[in-house]
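Me: I am new to this structure and would like to go through it step by step. Could you show it to me, please?

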Amino acid sequence: MTATLDWYGCATFRLKTQGLTLFLDAYIDRVPGADGPPGASADDIEDCDYILVGHSHFDHIWGADRIALRTGAKVIGSYETVRILANAGVPEDQLLPVSGGETIPLGSGVSVEVYPALHSCLWAGYDDQNPSFDCLGDKHVDYFARRACESDLLSGLGKLSADIDVHMRRSDQGCRGDGGTLCYVIATPEGRLFFKDTPGHWSGIMEKIDADVGILAASGRANVDGEPIQGALNDFLVSEAEFLGLKRVVLCHHDAWLGPIFPGGNVAGIREEFAMRRAGCEVLELEYVDGFDVFSGLMV
Ligand SMILES: [Zn+2]
């Protein structure tokens, strides 16, 4: 039985393996004109056993409630994710709160390992169009200044266009920040798939994880052990592949997911960097919902 991976844009994927259907994040509905599968909506998902939510921002969690309510899927996520979904009416017996350190058997020889991660540095500067550009500074910004920046950023999105304003209001489920960021390894009989939906990590945790294929977020200022990377997004992505021992990287969060005025990232530079520094690791940008055979050709 072959494991397949479908990208729904932003950081949302569907993994089918061993007769199970998992969603990794659940953000499917888009602003008009944004990148993503045309016309796709969380309201149209009919089949799902588990939803893994990386963190509680709208562009990751919004849709999980509707998928869970329609399909009966169980949701694995932070205690904040679970709070939001319980408020949205998802029954408690479908909610599996985690904080990192857990292994959850899903049946059919598949399990999910949960690890703590970090969100990208929303308070720090970056340039997605030039992922090899060294970003410096923005260190030691205190807690209150970080929170103020995040609040300004989220409220500012709605001012970008009337469509985005409507979208932000519809998707606002009252998240308290990112709610605590998690990453996951889905262990299957065919191989180990790592999933993280924002570029931030604790290096001491990453070096203990191994995986064959990694879904890595390629947008924003990377967070290394609580501070903005003093370097480029490329450096961060290569370091994640090295920590995990990846043979294949699937990029996410680099598309124009928030509409035409939000350009998305330049992934060509990421491919070039990997070719120079980690040539044994393939870097892929999936087409939307193309049933990619995720472990194909790998010696796992
Ligand atoms: Zn986020």
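**A first look at the chain**

Reply: Asp-138 is partly exposed, with a relative accessible area of 32%; partly exposed lies between buried, under 20% relative accessible area, and exposed, over 50% (1.4 Å probe, protein chains only).

Me: Where is Asp-138 placed?

Reply: Asp-138 sits in the loop between strand S8 (110-116) and helix H4 (143-157). Helices (H or I, at least four residues) and strands (E, at least two) are DSSP runs, numbered from the N terminus. Although Asp-138 is not a glycine, its phi is positive, about 60°.

Me: And Asp-25, is that buried or exposed?

Reply: Asp-25 counts as buried, at 0% relative accessibility. The loop between strand S3 (20-24) and strand S4 (50-52) holds Asp-25. Its phi is near 65°, a positive value in a residue other than glycine.

Me: What kind of model is this, and how are residues numbered?

Reply: This is a predicted model, in which local features need pLDDT of at least 70 and side-chain atom pairs count only at pLDDT 80 or more, while totals for chains, interfaces and linings use all residues. Residues are numbered from 1 along each chain as its sequence is written, and side-chain values use heavy atoms, with hydrogens and water left out.

Me: How many helices and strands does the protein chain have?

Reply: The protein chain has eight helices and 17 strands. Its radius of gyration, taken over C-alpha atoms, is 18 Å, close to the 19 Å that the globule rule gives for 300 residues, so the chain is as compact as a globular protein of that length. The globule rule is 2.2 Å times the number of residues to the power 0.38.

Me: What share of the residues is buried?

Reply: Of the 300 residues, 56% count as buried.

Me: Which residues of helix H3 are buried?

Reply: In helix H3 (residues 79-87), the buried residues include Glu-80, Thr-81, Val-82, Ile-84 and Leu-85. Among the elements that cover the buried residues of H3 are helix H1 (58-61), helix H2 (64-71), strand S5 (74-77) and strand S6 (95-97); contact here means heavy atoms within 4.5 Å.

Me: What follows H3?

Reply: Gly-89 follows H3, and its phi is positive, near 100°.

Me: Which domain does UniProt place at residues 9-170?

Reply: The UniProt record, an unreviewed entry, places "domain: Metallo-beta-lactamase" there; such annotations may be inferred rather than shown by experiment. The span is 28% helix and 20% strand, and its end C-alpha atoms lie 19 Å apart.
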